[in-house]
Amino acid sequence: MIVVDESTQHPPRTLFDKIWDAHVVCERPAAPPLVYIDLQLLHEVTSPQAFEGLRLAERPVRRPDLCLATVDHAVPTEGRAKPWADALAVEQVETLRRNCAEAGITLYDIDDPRQGIVHVVAPEQGLTQPGMVIVCGDSHTATHGAFGALAFGIGTSEVEHALATQTLAQARPKTLAVEVEGQLRPGVEAKDLALAVIDALGFGGGTGHVIEYRGAAVRGLSMEGRMTLCNMSIEAGARAGMVAPDETTFAYLRDRPHAPAGPDWERATAHWRSLKTDPGARFDRTVRVDASAIAPRVTWGTNPAQSCGVDGRVPDPDALPEGPAREQARRALAYMALEPGTPIRDIRIDRVFIGSCTNARIEDLRAAARVVEGRRVAEGVAAMVVPGSGLVKAAAEAEGLDRVFQAAGFSWREPGCSMCLAMNPDVLEAGQRCASTSNRNFEGRQGAGGRTHLVGPAMAAAAALAGRFVDVREVM
Ligand SMILES: CC(C)[C@H](C(=O)O)[C@@H](O)C(=O)O
Ligand code: SF4
């Protein structure tokens, strides 16, 4: 735990400023400051070269106790006990196993009940805590910002640097307040808010900034909803996203395996309560979003900013102002095989994927199961649920959600990234159209030629039943 000396007098500071100031190890004249890292998360895809670099330089991992590794990206979600067909996946997992054993880093391996997507497992264990600086060689590390941590993705050479020194050279980012006023309407999910925020900021609109999500609607979100929101910060180009910790945060963390316990808990919460933006603190930019105006959203394009309400229509690129957005929309419609003016509700789908670090936690699965209960997946649609972790899977099974999904015709899988990025056997075929609860709809993201529409978990469930997009509020 990092304790800031409260007696030091500062001008009003943002949450980001407080965490940053507490972590700068040294300022350097001609180079970015060195920042202390409290927790480094590792997975099988972006860590092998970093460990190899350390080996070549004969450097040890400085604080293996401040690292956690899991296998998630390449792992199959069924038939795991049999030999895996993908030799690269086998090699990546075996390499991580060897590296962690050598360095003394805890690994949630394939048969560990805690195994799962890195951004799901660390919060679940209480490792992610307010005020920390958290890094991972993964762009969706911003997820952990939901706890009032500064969490960001890093490249492989930075993974090596952080492993060797427990610090990183980081230029100070700018701050961006996203003020979400009002409340989300019933049936509108955190995912819809995330897509609306990205639409408001524009693809790349948050570049160079750390977002603080603020306002009544954000305070009203559960921890899981806040994780969904922070998770997608990178899709607006932001370095990180964060929410100030509050009673919701503390209630989530209490009694988790790695959360402070006993007298440490009181000390920790007393400190965490100080981690909020002071009145009068200045952000470099402020953007306002009206939560009550947000409807369930569906992306129609090939970047997450290209979305609209489920009642909307595929836009006409010619009606957009001349410029890059028009060109991008044209190209997106060609790839997505969509005609301008088509009602979103008329778009038929072939596949449904409920999973990923955006939307594969227990509340997401509950939201989807509530829609699915007692109904059937539409003829010709293949739908799957991939829990975010082994513990999410076990919790869902204890509540009978697996039976709800399977009775409706969904496939119920083992945890991992799965069809979020299709590095494992869960892949769209060319031309297939998928309603997906993941965070990226780039060309080929879920398989070459595959077409991805991003939605929230309840909307994905509703689409599975109807075989096309529908407003989940009408089928509840
Ligand atoms: C494989 C990894 C480097 C990548 C990322 O950094 O985001 C992945 O998690 C993704 O979502 O595309
Ligand atoms: S679930 Fe998807 S977005 Fe999240 S870490 Fe895995 S591949 Fe990246």
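**Stop 1: two cysteines in one loop**

Select Cys420: it has 29 C-beta neighbours inside 10 Å, so it counts as buried, the threshold being 20 or more. Keep in mind that this is a predicted model. Cys420 sits in the loop between β17 and β18. Leaving aside neighbours within four places in sequence, Cys420 is in contact with Gly355, Ser356 and Ser438.

Is Cys417 buried or exposed? Cys417 counts as buried, because 31 C-beta neighbours lie inside 10 Å. Show what Cys417 touches beyond four places in sequence: Asp72, His73, Ile117, Ser356 and Met423.

Which residues does UniProt list under "binding site"? The unreviewed entry places that feature at Cys357, Cys417 and Cys420. These three are spread over 64 residues of sequence, yet they cluster in space, with a largest C-alpha distance of 8.7 Å.

Stay in the loop and select Ala422, which is found between β17 and β18. Ala422 has a positive phi of about 55 degrees although it is not a glycine. Most residues other than glycine have a negative phi. Ala422 is partly exposed, because 18 other C-beta atoms lie within 10 Å of its own.

**Stop 2: the sheet beside this loop**

Select the strands β15 to β19. They form an open sheet of 5 strands in the order β17-β16-β15-β18-β19, with parallel pairing. Which strands are at the edges? The edge strands are β17 and β19 (451-454), and each of them pairs on one side only.

Zoom in on β15, residues 351-354. Strand β15 pairs with β18 in the parallel sense over 3 bridges. To see how the two strands line up, select Arg351, which stands opposite Cys434 in β18.

Ala337 is another residue that has a positive phi of about 55 degrees without being a glycine. Ala337 counts as exposed, because there are 10 C-beta neighbours inside 10 Å.

**Stop 3: the strands β3 to β6**

Select β3, residues 39-42. Both faces of β3 are covered: Leu39 and Leu41 lie on one side, Gln40 and Leu42 on the other, and all are buried. What pairs with β3? One partner is strand β6 (residues 133-136), which pairs with β3 in the parallel sense over 3 bridges. In that pairing, Leu39 stands opposite Ile134. Another partner is β4, which runs parallel to β3 and is joined to it by 3 bridges. Here the bridge partner of Leu42 is Ala69.

Follow the chain from β3 onward. Together, β3, α2 and β4 make a right-handed β-α-β unit.

Now colour the residues of β4. Cys67 and Ala69 point one way, Leu68 and Thr70 the other way, and all are buried. Strand β4 also pairs in the parallel sense with strand β5 (residues 106-108), over 3 bridges. Select Leu68 to find one of the contacts between these strands: its bridge partner in β5 is Thr106. The chain crosses from β4 to β5 through helix α3 (residues 87-103), and this β-α-β crossover is right-handed.

**Stop 4**

Select Pro64, in the loop between α2 (48-57) and β4 (67-70). Pro64 counts as partly exposed, because 17 C-beta neighbours lie inside 10 Å. Not counting residues up to four places away in sequence, Pro64 touches Ala103, Gly104 and Ile105. For a sense of scale, draw a distance from Pro64 to Val298. Their C-alpha atoms are separated by 42 Å, and the residues are 234 apart along the chain.

**Stop 5: ligand 1**

Finish by selecting ligand 1. Which residues surround it? They are Val45, Thr46, His73, Asp138, Ser139, His140, Gly153 and Leu421. By class, this shell has 2 nonpolar, 5 polar and 1 charged residues. One of them, His73, was met at the first stop, where it was listed among the residues that Cys417 touches.

Definitions and conventions
Residues are numbered from 1 along each chain as its sequence is written. Chains are lettered from A and ligands numbered from 1 in the order in which they are written. This is a predicted model: local features need pLDDT of at least 70, side-chain atom pairs count only at pLDDT 80 or more; totals for chains, interfaces and linings use all residues. UniProt positions are given in the numbering used here, feature names are shortened, and annotations may be inferred rather than shown by experiment. A residue is buried if 20 or more other C-beta atoms lie within 10 Å of its own, exposed if 12 or fewer, and partly exposed in between; C-beta atoms are placed from the backbone. Two residues are in contact if their C-beta atoms, placed from the backbone, lie within 7 Å. Helices (H or I, at least four residues) and strands (E, at least two) are DSSP runs, numbered from the N terminus. Two strands pair if DSSP finds at least two bridges between them. A crossover is right-handed if, with the strands pointing away from the viewer, the path from the first strand over the helix to the second runs clockwise. A residue is near a molecule or strand if its C-beta atom, placed from the backbone, lies within 6 Å of it. Ala, Val, Leu, Ile, Met, Phe, Trp, Tyr, Cys and Pro count as nonpolar, Asp, Glu, Lys and Arg as charged, and the others, Gly among them, as polar.
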